[in-house]
Amino acid sequence: MLEITNLHASVGDRPILKGIDLSVQAGQVHAIMGPNGSGKSTLSYILAGREGYTITEGAVTLDGRDLLAQAPEERAASGVFLAFQYPVEIPGVSNATFLKAALNGVRRRRGEKELDAMEFLKLTRVKCRQLGMTDEMLKRAVNVGFSGGEKKRNEVLQMALLDPRLAVLDETDSGLDIDALRIVADGVNALRGPDRAMLVITHYQRLLSYIVPDRVHVLAHGRIQRSGGKELALELEARGYAEFGVDEAA
Amino acid sequence: MTAVSDTIDQVKGLTDQKYKYGFVTEIESETAPKGLNEDVVRFISARKAEPEWLLDWRLRAYRHWLTMVEPGWAKVSYPPIDYQDAFYYSAPKTKAGPKSLDEVDPELLRTYEKLGIPLKEQELLAGVEPRIAVDAVFDSVSVATTFKAKLEEKGIIFCPISEAVANHPDLVRRYLGSVVPYSDNFFATLNSAVFTDGSFVYIPKGVRCPMELSTYFRINAANTGQFERTLIIADDDSVVSYLEGCTAPKRDENQLHAAVVELVALDRAQIKYSTVQNWYPGDEQGRGGIYNFVTKRGACRGVASKISWTQVETGSAITWKYPSCILQGDDSVGEFYSVAITNHHQQADTGTKMIHIGRNTRSTIVSKGISAGQAQNTYRGQVKILPKATGARNHTQCDSLLIGDRCGAHTVPYIESRNRTARVEHEATTAKISEDQLFYCRQRGLSAEDAVSLIVNGFCKEVLKELPMEFAVEAQKLVGISLEGSVG
Amino acid sequence: MTPDAEDYSRLTPGLPWLEALQTEGRRRFADLGLPTPRQEAWRFTNLGPLGRLPWRTAPPGSTTLVPESLPSVVPAGGPPSHRLVFVNGTWRPDLSSPGALPEGVVLTGLASALTDHAGLIEAHLGRLAAVDGHALIALNTGFLASGALLALPAGTVLERPVELVMMGAGTDAERPLAWHPRVLVVAGAGSRATLVEHHVSLNRHPGFANLVAELFLAPGAQLRHYKVQRENPESFHLATVTGRLQHDAGYEGFLLTTGGRLSRNEVRLVLDGAGATVTLNGAYLVRGRQHCDTTTLIDHAHPRGTSRQMFKGVLDAEARAVFQGQVLVRPGAQRTDGHQLHRALLLSDQAQIDAKPELEIHADDVKCSHGATVGDLDDDALFYLRARGIDRDCARALLIAAFVNEAIAEITDPTVATAFEALADGWLTPG
């Protein structure tokens, strides 16, 4: 479903990704692990289409369609969902307003009927209930004054509503205590399904105990250095990234 | 919540419309001779069959105006205005003033229908109260006023000011010019000499006006200035909410609009005055557009009275207006909520004055300025605490948002305190829409323009929520439309 | 006010460029006259009382003084500072002690500097403080007779503060003296220095100091510039400080005002290179019928500039204060970070304050803000202290001192911070 071939990317003159090859099938969850500065977040931003990165070589397709040629909102409509490491605050705009605008934006591009206020509210309530959340969060301004855990849960709620083909979770565990992590992971797991692929990007193994991946890839120095099953994550936890020429003793 | 998301939808539908009120109505008009002199002043007064005292007042204003110089302190620039190269009176040709809505020229009714302004009193379902009464001013004259009879039942007077001069001369004579004297400033003085029509409102003691009152101003004729004058008097313990809207056709030349609004709130009276100003702003190159030089002032004469100004300024090539409150009565309250959006080559210099005279007077100022394209947007405000205003309070918040690196956003507050016990607080910030916010919205599926509209609506929310429902949706739409082409 | 032709002084006859400059200054001042409240920049400060007095330009007379009796903000006993002393605007080498200076540093009276450093002065004098359009600069230029020059070669560090002690010593209340000194600082790339200006009166006679400073900060230069003005309550003190910071230069200023009948500090700094930094703070404490005006313009002309301003004012009796602070961000000055705060306390029913903070922004990627508050002491804080057993006057004094010290604490030179705090305390607890 997601095909990344020989992807090279740089910021300014500095190469960050130096030839990534990755294939993720529908229904699979892949984890990308790697030390700080390995290019993990860059990869997630490139998939979502953030400006500031130059693709120097390679291709990315989703369901056979070129992803790199699309604007961020087109990618969203194509089914790419990025759960941000640091969800952005938008003062004065309620979550409900934001979600409805996003959902209808995506539905419009997909050629689906837009939802009116009542339909939207009904759908949101259902999703909230499925994720064990209250809809109180909908009334508040987007991420403003949210705790770290609330921000991440808000990301999961948005994912549930937008129903993506590919969900990219960028360091979803950062800034979460263990209880919050469990709630968020439960939410993500509830959204796993045969038609959906997930890319879980993380530094630590911790998250992968809750969101168990089918495949684990180690990203370092802009390349995938090693791939394996879920046991690779445990191995990394024990041995660190030293064998990839990365000193993270500190 | 739905209002803002509806905004997005409506912005979508309007994307290619830009300024959708730019059409011209073909209608025969009667105009005064071009230019300005005492004869033109007399012509206007005669057309309206005014009493002697009002003609004298106009002439005093005109003679005073000749001694004045156009103010140059605002941060706006425009070529010199030739005051002789305009018409000061233009009215659709009718026999006499329309007596009922059935007599109004159907072309005019169609015009207002096209503008989305209901000029019919029809379709009143049983048990459903009308929510809004409209006075429609077309160029220099009022062409229709709805629900007059219904309002009269409560003793409320809502009519064109020219009609009030005839039917309620004592009230008009007592209050006209009592808040904005004829000698007040260059544009107000010009208005005093040549004002043509506008609305008059009187709310009797103890009456809460049962519906929103609204005036809708339309400039149609070319080369015509519009000089309306509105006077609202809220007697003791009364409450009124008043809305004002305005549009004009697209024309390549600039047109002058110099209005005066006077509000008087007596003991414990409350006046809420909302404006959505959408005069033609000129095109993307800065050609054409309305010069909007407006004097709006309210006097809180009575104890515990309250005047609240809310304005959404999206139109006009130049906006020069400072809706103000003179807080004379003890415990009186003044409020000013403003959103000013400038795009392309628009220039806005707008703000307020809060003059604290009475004890324990309070004022709140919230100003949101958004600047895009090559526009210049200035907040200019004065908070003045006079020696007797013991316990006065003011809080001012001015936020500016810049979109693009060729526009300007400026904040010029004047704080003058003469009383130890008064407390004045002023805060101002400037920021831009962050790349992070834009990307986050787009990742969720919003287009760049929808994202800007959404973020800006959020930025303005504090002000937009002050608008009556009828206006809120229109205002939110305008926010989106006004910023079209500002990103991407 | 028209200084009579007989009376004016000139810096040094015989330098054609200087004579031309002074002639131009006098001509411009004759055209402009003193500023009036009709001008926006002077809307709140009326120089009428100044214009009505029969001023004469101070002659370079010698007042008998001994160096040891002179006021100083640098405490005795410590290592000596570099000190220049001026009486009625005239440099007094006999009272000055420039001390040992690093190689290449020039610190001397402007008049004597003209013999050895004419080229340096010609290259800088009047370049920032242009006579056209600014009456006080024109007046200063036209009647400039003295001043100070501090020049620092690239990379030089002056560890001890340079102290300029400027004293007014009028002789006759009927014919008060006016002086127009110029302070010229030329700080080479990467140089560092601390300059302290100390303005006092030696008696009760009125004086009129019309000071102009020009500060040139080459790339990376760091200047700390502290000023205390505590002249007698009959005096007029007008100072116009102009400064230009090249890239990565830093300026830290503090203005402490307790003196003068009518005073104005007008500070105009241009961040004329990327990454320049300005910190400009101040405190004014005025009572009686004093009038104190603080006017600042921080002109961000290049990217990545930072400016921080905090001013605190305390007004008692019938004092009046004016604060006008403009932050200008020019087109292209992206990533500017500018913040300004002005807070004033009114302690009496007759005190008056006028504030006009102003932002003018022509670039989008900026963070700029200002805040201004005016009011009395916080009742809750006052009550809290009194509830803990502190009497009312004492509680008030404590809160006022805390209010002022918040600004003074920003002074990074500990000696000056201590001295300024003591001066402020002295004002708060008179007698």
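A crossing of two helices is left-handed if the near helix is turned anticlockwise from the far one by less than a right angle, and right-handed if clockwise. The model is predicted, so that local features need pLDDT of at least 70 and side-chain atom pairs count only at pLDDT 80 or more, while totals for chains, interfaces and linings use all residues. Residues are numbered from 1 along each chain as its sequence is written, chains are lettered from A, and side-chain values use heavy atoms, without hydrogens and water.

In chain B, the crossing of H3(B) and H8(B) is left-handed. Helices here are DSSP runs (H or I, at least four residues), numbered from the N terminus. Their axes are lines fitted to C-alpha atoms over the stretch in contact, with angles from 0 to 180 degrees between N-to-C directions. H3(B) spans residues 52-66 and H8(B) residues 186-194; the axes lie 7 Å apart at an angle of about 145°. Contact means heavy atoms within 4.5 Å. Among the residues that meet are Trp57(B) and Trp65(B) of H3(B), and Phe186(B) and Leu190(B) of H8(B).

| Item in chain C | Residues |
|---|---|
| Domain 1 of chain C | 5-273 |
| Domain 2 of chain C | 378-431 |

The C-alpha centres of these two domains of chain C lie 30 Å apart. In contact are 14 residues of domain 1 and twelve of domain 2. One salt bridge is found across this interface, the term requiring a side-chain nitrogen of Lys or Arg within 4 Å of a carboxyl oxygen of Asp or Glu. Asp413(C) and Arg224(C) also form a salt bridge through their side chains, at 3.3 Å from N to O.

Methods. Helix = DSSP H or I, 4+ residues; strand = E, 2+ residues; numbered from the N terminus. Domains from an automatic or database assignment.
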